[in-house]
Amino acid sequence: MPASSPAHADNAILVVDNITMRFDTSEGAVFAVDDVSFDVKPGEFLSVIGPSGCGKSTLFNVIGGLLGNYQGAVSVTGETISGPHKSIGMVFQEESTFPWRSVTDNVAFPLELIGMPKETRIERAKHFIGLVGLAGFENRYPGELSGGMRQRVSLARTLASEPKILLMDEPFAALDEQTRLLLGDKVLQIQQQLKQTTLLITHNITEAVQMSDRILVMTYRPGKVKRIVNIDLPRPRTSEIVSSEAFGRYVAQIWSDLREEASRGMRDEDAQALHHKGASA
Amino acid sequence: MTASARSQRSAARDYAPAVTGFGMLVAFLLLMELLVQTGLVNRFIVPPPSEIIASFGRVIVEEHVFSRFVLTLTECLTAGVMLTIFGVAGGVIMHRFQLLQQACETWVAAMASAPIVLMYPLFLVIFGRNSWTIIMMGFISALPPVILKTIEGISGTRRVLVNVGRSFNLTGQQQFWKILFPAALPNIFVGIRLGLIFALINIVGVEFLINYGGLGQLINDLAERYDLPGTYAAICFVILVSVLFFMTLEKIERWLRPID
């Protein structure tokens, strides 16, 4: 029996209502996420954080409309959605630029789909390329760029479609810590400039605290909402905030919530590994 | 370092592979010349390269090599266009219908290694003793690699790129033309290259076997007359057809997919 859904904010742009996602495996049903509800207000930056295996990516795919057959509902500005929606722009964890297109053509991709004339879309693409700090690289191809630059191209491509909600799944996971902090600055700057509603899926506490207004902490499998933490750090923020005392307190608070879940996940994985080893012996 | 010196060094780097390749060819010819002239290689099996080079003029003038060259080139081009259209389309259809792929992929793979050239009498009966028999033999034998590499290319498209397309709500056609096809192009070109190799071998082989037109027939004629320098000179023209094809294909690939 699902728990009754919490009251959602009246002006919420995104409402996730009692989402449960079950996968049937050879070892029985596995609940990736169980009865997850939350909402995101316009212009808000919300992060979803949890240990590996808590169903973060499942949640990302459900909200983005890439996964069906779930219980519950996802609605954008009051409209229940059942697949990919133009109001939601997705940035993926894996490198997702098109290697056969130049930076400009990558960013102009969503504009090409809506039939925008070539000159106009190139102008628009250049605007977003400048926004992510890649001016001067318009004619380069992804193969000529670093991993961080390629993720910025993906971000610019998604922003060019002018989504109401920017949905990102650990977009900086494959990058080194310094690049990650600097790109975090860039995302914050863009989010504040465009007043972009953003939902970030991450397992990085620093990244989440640096950028978010609220952080939703998830439990290990099945993924449930453990707690929602309000981050009352001043804005505009930059990566310099990571050295502040308040920042450290938030990181410690979230880690204390997460540690128990992460330990549970580790124990569970060890037990599974032993079970498989025993079965194959 | 000055700008002109830098550009000279860069030009030298650009031409280095071509110069090295040409140098190796010249060295090989000189070595063969030496081996034949000293009697280590029998000149009745391999004529000295100098004699082959000297026979070019005779082969060009007396054997109408250019009209034969054009005929073989046209046959290869026709088979190449056909195998690109039907091979890629076949691969796409087989990828689209999983049952068809599961049912036929092994057969197509088996066909790639079958000696289809031995079926030339059947093709002679169907198409008659004309260029179409040769073209169809080249086309059929070259089809499997194009089909198989097209399937491989489309299936190998990274999941995340497909998901990007889905997140932008692409239709099935848009998903194919804007993501799957360009992502599969490198593999498709590998298939076409392999296909063209198969097609050229079979086209020249069938020209040789049925003694009809083109460079294959010329090689047959010259070999039967025991004109070994002329035979090797004609083989050089076959190699030229191959070189022309691959250069053109590389240009098309660069145009379609400038960089990876």
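Predicted model: local features only at pLDDT ≥ 70, side-chain atom pairs only at ≥ 80, totals over all residues.
**Exercise 1. The core of chain B**

Determine which residues touch the most other members of the largest nonpolar core, and which elements give two or more residues to this core.

*Solution.* 
Step 1. The largest nonpolar core holds 50 residues, and those touching the most other members are Leu83(B), Phe139(B), Leu215(B), Leu218(B) and Val241(B).
Step 2. Two or more residues of this core come from each of the following elements of chain B: α2 (49-62), α3 (65-96), α6 (131-155), α8 (172-210), α9 (214-224) and α10 (228-256).
Step 3. Of these, α8(B) contributes the most, namely 14 residues.
Step 4. Another core, of 40 residues, lies apart from this one; Cys54(A), Phe60(A), Leu66(A) and Ile201(A) are among its members.

**Exercise 2. The surroundings of Val241(B)**

List the residues in contact with Val241(B), leaving aside its neighbours within four places in sequence.

*Solution.* 
Step 1. Once those neighbours are set aside, Val241(B) is in contact with Phe69(B), Leu73(B), Cys76(B), Leu200(B) and Leu215(B).

**Exercise 3. The interface between the chains**

Describe the contact between chain B and chain A by its residues, its buried area and its salt bridges.

*Solution.* 
Step 1. Chain B supplies 19 residues to the contact and chain A supplies 26 residues.
Step 2. The size of an interface is often expressed as the accessible area that is lost when the parts come together. Here the buried area is about 1,900 Å², and carbon and sulfur atoms give 68% of that area.
Step 3. Two salt bridges are counted between chain B and chain A. In one salt bridge, the side chain of Arg158(B) meets that of Glu95(A) at 3.8 Å, N to O.
Step 4. Four residue pairs are in polar contact across the interface.
Step 5. On the side of chain B that touches chain A, α7 (159-167) and α8 each supply at least two residues. The largest share, six residues, is that of α7(B).
Step 6. By class, this side of chain B has ten nonpolar, four polar and five charged residues.

**Exercise 4. Ser96(A)**

Is Ser96(A) buried or exposed, and which residues does Ser96(A) contact?

*Solution.* 
Step 1. Ser96(A) is placed in the loop between β6 (88-91) and α2 (103-107) of chain A.
Step 2. Residues under 20% relative accessible area count as buried. Ser96(A) has 1% relative accessibility and therefore counts as buried.
Step 3. Apart from neighbours within four places in sequence, Ser96(A) is in contact with Ser154(A) and Arg157(A), and also with Arg158(B), Val160(B), Leu161(B) and Val164(B).

Conventions
Residues numbered from 1 in each chain as written. Chains lettered and ligands numbered in written order. Heavy atoms only, no water. Core = buried A, V, L, I, M, F, W, Y, C linked by side-chain atoms within 4.5 Å. Buried < 20%, exposed > 50% of the residue type's maximum accessible area, 1.4 Å probe, protein only. Helix = DSSP H or I, 4+ residues; strand = E, 2+ residues; numbered from the N terminus. Contact = heavy atoms within 4.5 Å. Buried area = accessible area lost by both parts, 1.4 Å probe. Salt bridge = Lys/Arg side-chain N within 4 Å of Asp/Glu carboxyl O. Polar contact = N/O pair within 3.5 Å; in protein donor to acceptor, adjacent residues only side chain to side chain. Nonpolar A, V, L, I, M, F, W, Y, C, P; charged D, E, K, R; others polar.
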